[in-house]
Amino acid sequence: MPSVPVVLKMIGITKEFYGNPVLKNVNLDVKQGEIHGLVGENGAGKTTLMNILFGMPVIQETGGFSGRIVFDGKEFLPREPRQAMAAGIGMVHQEFMLIPGFSVTENIKLNREITKENFLSRMFSRKLETLDMTTMAAHSRKAIDALAFEGIDEWAPVAGMPVGHKQFVEIAREIDKENVKLLVFDEPTAVLTESEAAILLDALKRLARRGIGILFISHRLDEVLAICDRVTVLRDGEIVAEKKAGETTVIELAERMVGRKVGGLRVPDRVKLPETGEDVLVVEDLAVNMPGERVRGVSFTVKRGEILGIGGLAGHGKLGIANGIMGLQPASGSVRFLGREISLNDPVSALRAGLAFVSEDRRNIGLLLDEALEDNLALTAMQVHGRFLRRVGPFTVRDPGSIRRYALETIKEFDIRTTGPRQIVRRLSGGNQQKVCIARAISLEPKLLLVSEPTRGIDVGAKQKVLEILHRLNREKGLTIIMTSSELVELRRICHRIIIMYGGIIAGILPPDASDAEFGLTMSGERSAERSGEHETTR
Amino acid sequence: MKVWRKIRESLTSSPIPLVFGILCLFGVVVSGKSWSFLLQEVVTRLARNWILVLSLLVPVSAGLGLNFSMVLGAMAAQTGIIVMTHLKVPGILGFLGAFIVSFPIAVVLGFVAGNIMNKAKGREMIAGMMLGFFMNGVYQLVFLFMVGTVIPMKNPDLMLPQGFGLRNTVELKYMKYALDNLLNVSLSGLVIPLATFALIGLVCLGLNRLYKTKLGQDFRAVGQDMHVASVAGIDVNKTRLLAVVIATVLASLGQLVFLQNIGTLNTYNSHEQVATFAIASLLLGGATVTRATVGQALAGTFLFHLLFIVSPYAGQSLMGSPQVGEYFRVFVAYGIIAAALVVHAWEAHRRALSAAKRGLPEGETDRAG
């Protein structure tokens with residue numbers, strides 16, 4: 001149907017962050033009344049693309065973008081979200097944009113309140129007009145009814161509502177905007193139960209029939225295929241496929257999404273695990289309240305001498321596990337290490353038990369950036385195990401000799417590129433900082449090492465080196481490692497088993513040689529035994 | 001039975017007013033003072049203090065916490081009073097004149113304070129307190145040094161014998177009771193300043209109306225979640241700025257009412273404890289750092305000042321020394337603020353932890369703390 005007008009056309013969108021290209025010549029269009037699916041792994045550039053469309057400040061602050069946007073037949077260059085909203089673009093956010101202390105009506109009408117004049121407002125400012133709650137509530141009711149979702153009272157407070165209801169309030173707010181021509185849904189069903197999701201998908205189809213263009217971002221490929229007219233697959237900032245929904249399959253989309261990434265990372269063969277490995281770490285029903293990386297109850301074991309990988313898309317809880325075990329984020333459940341219970345929410349307990357952690361946030365948590373390399377190396381061991389200390393009379397003082405010896409040894413062993421042990425860590429490159437983090441964790445002589453995102457933000461050569469180090473520690477010293485990474489390729493290179501997280505629970509535990517499609521499907525939740533949303537209510 | 005349950009619920013949900021209510025009752029009994037004496041004292045002090053306490057409400061609703069920078073409003077008011085006393089404008093005209101002079105000063109100071117608080121989001125209380133100390137220095141510079149030197153002024157009644165700088169204590173002979181005596185009634189010996197209470201009523205009504213307007217809605221939205229408010233297109237910084245300006249103007253009005261009742265101006269001290277006592281009053285009423293109502297402001301001021309009145313007498317009759325009671329009431333004023341802040345921090349921490357146990361993200365529990 002060539003006659004259907006195009007609502008949104010993004011042409012040749014290219015965006016770099018500090019010389020690092022995240023979008024390369026992306027073309028995307030949405031027609032009136034069309035539901036257009038957008039799928040891709042995290043880091044594929046979906047969020048950046050949406051930020052550009054919404055004129056989020058972060059885009060301007062990092063040097064803008066190149067390419068054109070045509071919205072509703074006109075050139076469109078949003079510089080702030082307000083302009084996008086005024087033009088008729090609505091967004092249903094992944095995280096809730098609701099004010100808990102407000103009622104449903106107040107939230108739906110937030111900053112679009114209906115007001116009546118009074119004598120003060122005539123004298124001073126329209127800001128002093130009285131709110132017309134009755135009309136506001138009537139409008140809200142209409143918007144909620146349009147979604148055909150039962151059970152939301154327009155006067156009820158939002159705090160304490162089931163998550164699914166909040167999602168519908170969010171959507172009701174967007175469709176209450178009269179001029180809305182394009183609605184963007186960023187993973188709207190991630191928090192919904194099966195039945196709620198079905199209602200939502202129905203509502204989307206109804207909205208599309210009213211002539212609203214819909215951009216639907218989701219990891220649930222079956223949903224995408226069920227309701228979308230077309231699907232675009234984004235990988236590494238490039239569009240790798242654009243298909244009519246009827247002409248593709250879930251398997252094909254999953255393969256396209258993960259793809260085979262080229263890269264020169266080569267690591268010697270994995271150590272073969274003994275068949276009857278002893279379980280050193282037993283995790284039961286671990287829930288971690290890490291903002292943005294919530295874990296909703298996972299149970300798994302780690303065998304002695306194993307490298308266990310934890311992968312999954314961002315926001316699905318993979319980073320939460322290590323932070324929860326190490327007591328850095330509020331957690332509940334049970335973690336036993338070598339038969340002894342580790343008390344959660346207490347980092348010292350985990351460290352004393354022989355666990356060491358290399359955080360994903362190395363610049364903020366991992367390192368004292370303005371301290372010397374050797375002090376960074378020695379600090380944790382000094383604190384936790386009393387290493388590098390000696391006693392002088394009644395005082396315990398640091399032992400510079402042993403610190404220096406250890407530092408020089410480490411610099412050699414880990415191939416840290418530095419001017420010397422007194423260089424401050426801030427001046428080191430990202431890769432060398434990462435080596436310092438790992439070396440320091442090793443200085444604790446841990447029995448189990450947890451590393452999160454060890455290769456994030458470092459160059460290819462350093463990545464190779466870091467992976468080699470981890471592999472060597474495992475092979476030569478028999479160190480058990482839990483490695484969390486967004487880079488599936490790396491996990492598949494060195495891990496013995498890989499846990500894939502989805503929606504805060506384990507979607508599957510895969511061997512490294514499982515197929516691309518298998519990984520893709522597991523990561524997008526197609527293979528998880530249950531929908532996580534079923535359990536979730538706020539009460 | 002239903003009524004009884006409702007009473008019980010409201011009592012258990014606000015333990016602080018309950019505890020202090022009992023304490024006050026105890027003090028009243030022990031002090032051995034007559035009801036008519038206490039009532040007169042309380043009425044006087046309520047008329048004197050209520051507007052100052054009410055001025056705290058807007059910043060709390062806009063998420064700025066307890067506004068320690070209300071000292072700035074008090075300074076603006078004192079400037080207005082000094083000008084009117086110098087010009088020898090008597091009675092209510094002097095009061096109005098002082099308000100007209102202090103209004104623009106309060107707006108400017110509120111603007112400055114608001115901008116600073118926008119740069120210190122999440123640390124508004126300490127920023128406001130420090131700003132108060134800083135402005136105190138500027139205030140002293142102006143009135144201790146610049147008056148009579150840079151600012152030409154000659155008035156031996158107001159100024160130090162050296163020829164510049166104001167006296168420590170200025171008697172407000174033209175403005176004393178300017179508002180209180182405008183209209184008052186006497187009920188069997190109890191004098192009630194009706195005009196002052198009318199003004200207080202007006203402020204209460206105004207605040208209540210404000211919360212029903214678009215602006216009030218913006219305050220509440222920004223106060224609960226700045227991020228969501230800004231995504232919805234509300235100008236967060238401007239809204240917060242406006243909240244501080246309104247609060248500063250109200251505080252200056254409050255200080256005018258306060259000083260016309262006291263009748264003397266301690267040029268360099270009158271403003272200093274304004275914030276501490278007003279904040280303690282508000283917290284005594286059961287308000288928290290994030291939630292405060294007109295009712296809590298009114299009830300808290302009543303309790304705080306009743307305690308203030310009876311504690312020296314109670315100390316006298318219990319320990320034989322009014323100093324003990326005096327000590328106790330100062331202890332209470334600061335202790336209440338400290339306790340409220342600790343409880344606030346502790347609650348936030350506990351909510352985050354219990355959210356973790358139920359596997360919820362922080363903030364998806366009730367925030368109505």
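Colleague: Why is A:Leu338 called partly exposed?

Modeller: This is a predicted model, where local features need pLDDT of at least 70, side-chain atom pairs count only at pLDDT 80 or more, and totals for chains, interfaces and linings use all residues. A residue is buried with 20 or more other C-beta atoms within 10 Å of its own, exposed with 12 or fewer, and partly exposed in between, with C-beta atoms placed from the backbone. A:Leu338 has 15 such atoms within 10 Å, so it is partly exposed.

Colleague: What is the phi of A:Leu338, and where does the residue sit?

Modeller: Its phi is near 50°, positive in a residue other than glycine. Most residues other than glycine have a negative phi. A:Leu338 is in the loop between strand 16 (331-337) and strand 17 (340-342) of chain A. Helices (H or I, at least four residues) and strands (E, at least two) are DSSP runs, numbered from the N terminus. Residues count from 1 along each chain as its sequence is written, while chains are lettered from A and ligands numbered from 1 in the order written.

Colleague: How do you know how confident the predictor is about chain A?

Modeller: From pLDDT, the predictor's confidence in each residue, from 0 to 100. The mean for chain A is 82, with 91% of its residues at 70 or more. Over residues 529-539 of chain A the pLDDT is below 50, and this stretch has 22 contacts beyond near neighbours in sequence. A contact means two C-beta atoms, placed from the backbone, within 7 Å.

Colleague: What makes a set of residues a nonpolar core, and how many residues has the largest one?

Modeller: The set must be buried Ala, Val, Leu, Ile, Met, Phe, Trp, Tyr and Cys residues joined through C-beta atoms within 7 Å. The largest has 255 residues, and A:Ile214, A:Leu450, B:Leu56, B:Met70 and B:Ile81 have the most contacts inside it. Helix 11 (residues 236-262) of chain B gives the largest share of this core, 16 residues.

Colleague: Which residues does B:Ile81 contact, leaving aside neighbours within four places in sequence?

Modeller: Its partners are B:Ala98, B:Leu172, B:Met175, B:Leu256, B:Leu259 and B:Leu265.
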